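Colleague: Please walk me through this model. Keep it brisk.

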Amino acid sequence: MFSNKLSIVDTTLREGEQFYNANFSQKDKIKIATQLSDFGVEYIELTSPCVSSQSKKDCQVISRMGLKSKILAHIRCLKEDVITAIDTGVAGINLFSRVSLSHDRFGLGPQMSQTLEKILDVLSFARANAPELEIRFSLEDTFRTRIEDIVVIYEAVGDSGLVDRLGVADTVGYALPRDVERVIKLLHVLTGMDIEFHGHNDTGSAVVNSYTAFEAGATHIDTTVLGIGERNGITSLAGFIARVYSFKAEMVKKKYNLGTLKHLHETVATTLGIGIPWDHPIVGESAFTHKAGVHTKSVILNPKSYEIIDPSDFNASRTIMVAHKLTGWNAVKDRAQKIGLSFEDDDIKKITLKIKDISDGRNIDIKEVDEILKCHWEMKKVKT
Ligand code: HCA
Ligand code: CU
């Protein structure tokens with residue numbers, strides 16, 4: 001299946017606002033939206049204009065910025081929400097609803113859910129009032145809903161011809177990749193429509209589930225910068241980019257302005273007052289750091305031996321760590337050459353042992369390694 005028609009729907013400015021310490025001002029939103037658009041995400045989803053008067057103004061202002069990314073409003077499947085969203089000038093609306101599913105099971109009552117009849121009524125209303133609008137319809141908690149129920153809704157919505165794509169949401173991060181594959185393939189075959197996938201990260205499966213969705217035929221994938229969102233968030237933009245890049249580097253390089261990814265992450269992290277997690281794909285501090293001697297030896301010879309992502313594609317550089325007890329003589333030799341010193345291999349091996357001995361008991365830094373190298377260099381000069 002593997003659709004080459006990939007669009008990223010970045011929802012940092014909607015799902016991301018559900019992150020526990022997020023509350024973006026209009027200025028923040030403008031800055032983040034601009035950088036998302038510069039990076040090249042196809043869509044930017046915004047908090048519903050029905051949430052507050054400021055959210056409505058933000059939708060209006062960002063829709064008029066003339067960004068390359070299409071601006072979407074995320075709204076409930078209600079006519080009043082549709083009217084408010086159309087009024088803001090957004091290019092599309094991402095409607096979400098529930099069928100009589102988990103919420104009824106959890107005793108929250110059928111008033112939380114909608115029948116097919118009501119859903120189709122709202123969609124007809126939206127289409128009639130805004131023929132040019134891009135409309136997506138999604139069912140919340142798709143994966144904990146009985147498949148028989150979701151199929152009926154999606155098929156009817158698809159057949160109605162009222163929407164541009166269907167959305168599938170793993171609202172609680174429950175799905176396994178095999179569930180995602182099964183549901184996406186089924187909907188693809190049944191409806192032949194574009195499909196958007198939204199995956200939460202409660203079990204750390206959001207990126208792999210999103211990638212599986214893409215492979216199974218999903219055309220649109222929801223992400224946020226740093227993966228922020230409700231609870232512990234959704235598919236991270238960098239994680240998803242890394243995952244796709246590892247198989248389809250050329251496609252990712254062509255579609256997105258990869259060199260800007262880090263800056264975008266710094267902007268969002270600074271706005272939120274948090275750091276970028278050290279282990280975050282591509283943009284985390286240690287993403288391109290190699291330490292153990294066995295690794296550094298191979299990486300110096302051929303970076304591909306331990307890297308599936310080329311840091312230079314992301315305007316980043318790799319770090320070969322030398323100042324520690326796991327170091328290897330190839331890394332020490334590489335360091336010596338970098339500071340303009342050339343030793344015989346036997347000498348380098350002796351220096352390496354010295355570095356290992358010293359760093360076995362305490363932390364050392366690269367300056368100390370350089371001092372040791374320079375000291376040996378001077379001694380060598382004296383001897384010869
Ligand atoms: C929520 C809604 C949602 C919607 C996803 C979608 C989810 O906050 O509960 O519109 O596809 O995760 O179900 O974010
Ligand atoms: Cu969500």
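**Domains, helices and ligand**

Modeller: The centres of domain 1 and domain 2, taken over C-alpha atoms, are 46 Å apart. This is a predicted model: local features need pLDDT of at least 70, side-chain atom pairs count only at pLDDT 80 or more, and totals for chains, interfaces and linings use all residues. Residues are numbered from 1 along each chain as its sequence is written, and chains are lettered from A and ligands numbered from 1 in the order in which they are written.

Colleague: Which element gives the most to the side of domain 1 that touches domain 2?

Modeller: The assignment, automatic or from a database, gives domain 1 (7-272) and domain 2 (289-383). Their contact (C-beta atoms, placed from the backbone, within 7 Å) takes 8 residues from domain 1 and 6 residues from domain 2. Both α9 (237-255) and α10 (261-272) supply at least two residues on the domain 1 side. Helices are DSSP runs of H or I, at least four residues, and strands runs of E, at least two, numbered from the N terminus. The top contributor, with 4 residues, is α9.

Colleague: At what angle do the axes of helix α6 and helix α7 cross?

Modeller: Val151, Tyr154, Glu155 and Gly158 of α6 meet Leu187, Leu190 and Thr191 of α7. Axes are lines fitted to C-alpha atoms over the stretch in contact, with angles from 0 to 180 degrees between N-to-C directions. The two axes come within 10 Å and cross at roughly 35°.

Colleague: Which residues come nearest to ligand 1?

Modeller: A residue counts as near if its C-beta atom, placed from the backbone, lies within 6 Å. β4 (92-97) and β6 (165-170) each give two or more residues to the shell. Of the 13 residues around ligand 1, the nearest are Phe96, Ser138, Ala169, Thr171 and His198.

How values were computed: Two residues are in contact if their C-beta atoms, placed from the backbone, lie within 7 Å.
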